[in-house]
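Hello,

Here is the structure I promised to pass on. My notes on its side-chain contacts follow below.

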Amino acid sequence: KGGANMDILIIIIPFITATIGFVVGRVNTFRAEKQKVYSESIQPILATIFKSQYLNIKERELLNKEFNKANLKLLLYSNNKVAKALQQTTRLIKHAKSEDEIISKLKITLAEMRRDIQLTPCGGLKDSEFTHFYFDIK
């Protein structure tokens, strides 16, 4: 009877270890993909917010395509908090009363993105801690 229990443990322990390793690997892979999507998608969104008014029609159409592609990727990969913050930010692009209004929503979106890709909730930036944006918008 004792030998049968040992045989079961010998089978179960490697199975559980392999399962945990697989799950951790998948989570890390998805987190890396999400981080890549976030970093690639910021540029078209910022360009749309701050640069689109200075572009000609053809350039604006191209930027709108990039923006829509980035927005879709973000909505597919983001959690609910990021998606809601992004939705509020993008809604303001055409209807904001001031650039400061857009920036305040953008801070919330960026803070949520950062929280979403961190391993632990500790050490995350609050949206109020984003005080300066330095981006090279091409």
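Helices here are DSSP runs of H or I with at least four residues, numbered from the N terminus. Bear in mind that this is a predicted model.

Salt bridges come first. The count is five. Lys 36 and Glu 40 form one of them, at 4.0 Å from N to O. Both sit in helix 1, four residues apart, so about one helical turn separates them. Glu 40 is partly exposed, at 40% relative accessibility. Lys 36 and Glu 40 also belong to a salt-bridge network with Lys 73.

Glu 112 bridges to Arg 115, with the closest N and O atoms 2.9 Å apart. These two are three residues apart in helix 4, again about one helical turn. Glu 112 is buried at 15%, whereas Arg 115 is partly exposed at 34%.

Lys 34 meets Asp 116 at 2.9 Å, N to O. Lys 34 lies in helix 1 and Asp 116 in helix 4 (residues 99-117), so the pair ties together parts 82 residues apart in sequence. Lys 34 is buried, with a relative accessible area of 9%. Asp 116 is buried as well, at 12%.

Last, the aromatics. There is one aromatic pair. The ring centres of Phe 30 and Tyr 77 are 5.7 Å apart and the planes are at 20°, so the pair is stacked. Phe 30 is in helix 1 (residues 2-50) and Tyr 77 in helix 2 (residues 57-77), 47 residues apart. Phe 30 is partly exposed at 38% relative accessibility. Tyr 77 is partly exposed at 25%.

Best wishes

Methods
Residues numbered from 1 in each chain as written. Predicted model: local features only at pLDDT ≥ 70, side-chain atom pairs only at ≥ 80, totals over all residues. Heavy atoms only, no water. Phe/Tyr/Trp six-rings, centres within 6.5 Å; stacked < 30°, edge-to-face > 60°. Buried < 20%, exposed > 50% of the residue type's maximum accessible area, 1.4 Å probe, protein only. Salt bridge = Lys/Arg side-chain N within 4 Å of Asp/Glu carboxyl O.
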